[in-house]
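Subject: The structure you asked about

Hello,

Here is the structure I promised to pass on. Please open it alongside this email, and then read on for a tour of what turned up.

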Amino acid sequence: MKLNHAHPSRRARALRMTGIAAVAALALAGCSASGGAGDGAEAGGELTFSNWQFLEDGKGPIIWDAVKGYTGPNDDIELTKVEIPFANYADKLSTELGAGGGPDVMVLQDSQFASLVDAGVLEPLDDIADELGDSLNNTNEAGFFQDGQYGFNWERPTYNTVIYNKDIFAQLDLEVPTTFEEFLTTAETIKSELGIAGFAGRHQTAEIDGWTLEMANWIYGFGGELSDGKKLTIDKAENVEAVEAFLETFESGVAPIGDDASTFRAKFGQGQVGMLFENSGVATTITSNPDNVVNGENMGAAPLPLANAGSNSQLIIAVNANSDNVEAAKDFVRWVLGEEGQTAIRAGLGASAMATDVEPDAEFLAKNPWATQFLEAAKTSKSTLVEGFETESKPIWREVLTAVEDLRVNGGDVKSTLAEVQKSLEAELG
C-alpha cells in the first residue's frame, strides 16, 4: 500500500501542537551521551543500532543474527548493537538524543517516537517512503507525523490475544474461554486444582508503560475508550465495567500480586501460570527459549475472552538526525524494509505485523500453530495512543492507572473514582 503523504492524520495534526521541553532542556544542559552520533564518523565504518529486544531471551539473538551481517551497499559498514534494558530505554535515549548523541538507528515505542519527532531529533525519511511506498503496508502510517515520514514499522506486536498452556487445559479438560465469566471460572479452576496461578498480568504503576498496553485490552475489550476523539471519556460506562472486571480478577486470587512481567512470563514458560493476555513478541520469546517447558506446540492462542478487540504495541525504526553517518543509517533502514531485510528479521519477530506483508515461513507456522491467531488479531488491534490527545497519552494513562492501582489496594467505588480522574484531567489539559 502506497503511503498517503498529502493528508496528514488527526494524530499528526495534534502532534504539531506540542513540544518536548524535556529533551530540549537536556540539549541545553549539555548532557553527556554515547553511541554513534557526534564522534566524527564518515561514510562507511561503524553504524550503531539500538533496540532493547537484543536483550530478550530467545528472541534477541535471533534478531541480532538476522541483521548483524549487514555491510551496506558498498560493503563498508560494520553494524554494532546498542543494548539498553527496556526499563530505562526511553529515558536513556531521550537523554542522549537531547544532547546531540545517541545511536545512529533506533527502535522506538510510538509514544516516544512522537515526542522525538516534535523535538526535531529524528531524520526525515520521506525519500525512503517515496522509493518503497508501493511495497509498504498501512502499518507504516504510524511513522508519519508533522507532515513527514520519520520512521517505519519495525514491529507491531498485538496484545489482542489470550495465550494458554495446552497441557494444563488438556489435563483439566478445560475449554478455551470466550467470555469474561468463562475466563474467570477457568482461571479459578486452574488455581484450585493445581495450586498455580490461573492468570497473571501487570497491575502496578511501577510498570506503567507495559501496564498501559495490558489495561487497554480490558478497556477496549469491554467496548471502552479514553476519548471520543474530541473530549475525554474516562468515566464512560464501558470503562467502569472493564475496571470492575479487572479488579474482580485480581481480588479472586487467581493472579499473583506483586509479580512483574518478567517474573510471570518466566513462570508461564515454566508451566506455572495457566493464561496470559499477551503480545505476539512475547509469545515468540517464550516459545523460542529452549529452556522453557512451554513451546510452539503446547502453547495455545485464542481471541481475548472479551466482546471486542484489544490493543497493540507499535515499534518504529528511526534515524538519528544528529548522526555523522545519516546516509548510511538511511541505507540500513532501506535494507530493513526491503525483501532481504524483512525476510531476515521475520524469524525473530514471529507473528507480529511488519512493515511489509511478508509472512512467517511455512516451517515456523508448522512449529508454532499459535502464530496464526496473532496474525489475524493484528488486523483489529488498536493503538494505546488516546485519539485527539496523542501527545498527552502517557499522562492520561498514568492518572487512570494510578487510580486503578489505588482501587486495587484500598478499594472504593469505580464509577466515582473514574469520574474524579475525568474531572482532574479536564482541568489539567484545559
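This is a predicted model: local features need pLDDT of at least 70, side-chain atom pairs count only at pLDDT 80 or more; totals for chains, interfaces and linings use all residues.

On one side, five bridges join β3 to strand β11 (residues 315–319), and the two run antiparallel. β3 is also joined to strand β1 (residues 45–50), this time by two bridges and in the parallel sense. Within that pairing, phenylalanine 49 has valine 105 of β3 as its bridge partner. Further along the sheet, β6 and β11 run antiparallel and are joined by three bridges, with glutamate 155 standing opposite leucine 315 in β11.

How many of the five residues of β3 are buried? Five of the five are, which leaves the strand mostly covered. In a regular strand, side chains alternate between the two faces of the sheet. In β3, Val105, Val107 and Gln109 point one way, while Met106 and Leu108 point the other way, and all are buried.

**Helices around it**

Helix α5 (residues 110–119) has seven of its ten residues buried, so the rest of the structure largely encloses it. Those buried residues are Asp110, Ser111, Gln112, Phe113, Ala114, Leu116 and Val117. After α5 comes glycine 120, which has a positive phi, near 80°.

There is a helix pair to look at too. The axes of helix α3 (residues 59–67) and helix α14 (residues 339–349) come within 8 Å and cross at roughly 175°. An angle over 145 degrees counts as roughly antiparallel, and α3 and α14 are therefore roughly antiparallel to each other. Where they meet, α3 brings Lys59, Ile62, Ile63, Ala66 and Val67, and α14 brings Ala344, Ile345, Ala347, Gly348 and Leu349.

**The four-stranded sheet**

There is also an open sheet of four strands, again with mixed pairing, in the order β8-β9-β7-β10. Its edge strands, β8 (197–200) and β10 (299–303), each pair on one side only. Neighbouring strands here are turned by 20° against each other on average, direction ignored. β8 and strand β9 (residues 273–277) pair in the parallel sense over three bridges, and alanine 197 has valine 273 in β9 as its bridge partner.

Strand β7 (residues 161–165) holds asparagine 165. Is asparagine 165 buried or exposed? At 5% relative accessibility, asparagine 165 counts as buried. Apart from its neighbours within four places in sequence, asparagine 165 is in contact with Phe268, Gly271, Val273, Gly274, Val294 and Asn298.

**Aromatic rings**

The count of aromatic pairs comes to 26. One of them joins phenylalanine 183 and phenylalanine 277, a tilted pair at 5.2 Å centre to centre with 40° between the planes. Phenylalanine 183 lies in helix α8 (residues 180–194) and phenylalanine 277 in strand β9, so this pair ties together parts 94 residues apart in sequence. Phenylalanine 183 is buried, with a relative accessible area of 1%, and phenylalanine 277 is also buried, at 3%.

Next come phenylalanine 199 and tryptophan 218: their ring centres are 6.4 Å apart and their planes at 75°, so the pair is edge-to-face. Phenylalanine 199 lies in strand β8 and tryptophan 218 in helix α9 (residues 208–221), so parts 19 residues apart in sequence are tied together. Both phenylalanine 199 and tryptophan 218 are buried.

One last stop is tyrosine 220, where lysine 382 lies over the face of the ring, at 4.4 Å from its centre.

Enjoy exploring, and best wishes

Notes: Residues are numbered from 1 along each chain as its sequence is written. Side-chain values use heavy atoms; hydrogens and water are left out. Two strands pair if DSSP finds at least two bridges between them. Axes are lines fitted to C-alpha atoms, for helices over the stretch in contact, and angles run from 0 to 180 degrees between N-to-C directions. Rings of Phe, Tyr and Trp (its six-membered ring) pair if their centres lie within 6.5 Å; planes under 30 degrees apart count as stacked, over 60 as edge-to-face and the rest as tilted. Buried means under 20% relative accessible area, exposed over 50%, partly exposed in between (1.4 Å probe, protein chains only). A charge sits over a ring if NZ of Lys or CZ of Arg is within 6 Å of the ring centre and within 35 degrees of the ring normal. Contact means heavy atoms within 4.5 Å. Angles under 35 degrees count as roughly parallel, over 145 as roughly antiparallel, 65 to 115 as roughly perpendicular and the rest as oblique.
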